[in-house]
Amino acid sequence: MLQVPMLQAGAPALVLASGSAARRALLEAAGLRFAVQPVAIDEAALRETVQAEGGGAEEAALLLAGMKAARGSAGAGDGLVIGADQILACDGAWFGKPADRYAAADQLRALRGRTHSLATAVACWRGGAEVWRHVASPRLSMRRFSDAFLDAYLAAEGAAVLGSVGCYRIEGLGVHLFDAVEGEHAAILGLPMLALLGFLRQHGVVVA
């Protein structure tokens, strides 16, 4: 892991309440030292509840990010726990990670030629209380790719398409899917790093 000790204070300890490889890589690339402590919650049920009650994708993502951070905080002592969540929304429909390649193909066909947003939320808890929250919503316009391209893309990506809500890794082959992208690259990957680093500076975790 890349480490830049002079930029990060010795305390509080940072904890990432997520098993996401992309989020871990973003924190590592920023030179942060942290522990990884994934938590388990019924994300699908909570999203369905918020949507049924008329809530938006950003509201649901913030709720889930907060719940993950809260659960991680329970065993983190005085550590600062980071929780995150991401929901893809397109014309009122919400999309989660596909169950298999066939579901991924259906999802990509539904998004083809349309613009979707990625409600990307992060919440931080410390000492049993929430201390910060933020949500970003990058917008991505998917091009009208051919069925032949879709078949080739799915074959090339394999199981990787099952690991994200959009069935793509924009840092990899997924970039071929798009005409235009608006928003922070890190937020598209799953963590709004500019806002998070700003909070960490204000909180004394990294040097301002």
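Helices (H or I, at least four residues) and strands (E, at least two) are DSSP runs, numbered from the N terminus.

**View 1. The whole protein chain, a predicted model.** Residues are numbered from 1 along each chain as its sequence is written, and side-chain values use heavy atoms, with hydrogens and water left out. In this predicted model, local features need pLDDT of at least 70 and side-chain atom pairs count only at pLDDT 80 or more, while totals for chains, interfaces and linings use all residues. The protein chain has 7 helices and 8 strands. Its C-alpha atoms fill a box of roughly 55 × 40 × 25 Å along the principal axes.

**View 2. Thr-120 in its strand.** Thr-120 belongs to strand β5, which covers residues 115-126. Thr-120 counts as buried because its relative accessibility is 0%; buried means under 20% relative accessible area, exposed over 50%, and partly exposed in between (1.4 Å probe, protein chains only). In the protein chain, 46% of the 208 residues are buried.

**View 3. The surroundings of Thr-120.** Leaving aside residues up to four places away in sequence, Thr-120 touches residues including Asp-85, His-134, Val-135, Pro-138 and Leu-191. Contact means heavy atoms within 4.5 Å. Asp-147 is 27 residues from Thr-120 in sequence and 29 Å away in space, C-alpha to C-alpha.

**View 4. Polar contacts of the Thr-120 side chain.** A polar contact is a pair of N or O atoms within 3.5 Å; within protein, one must be able to donate a hydrogen and the other to accept it, and residues adjacent in sequence count only if both atoms are side-chain atoms. The Thr-120 side chain makes such a contact with the side chain of Gln-86 at 3.0 Å. The side chain of Thr-120 also reaches the backbone oxygen of Ala-187, at 3.1 Å.
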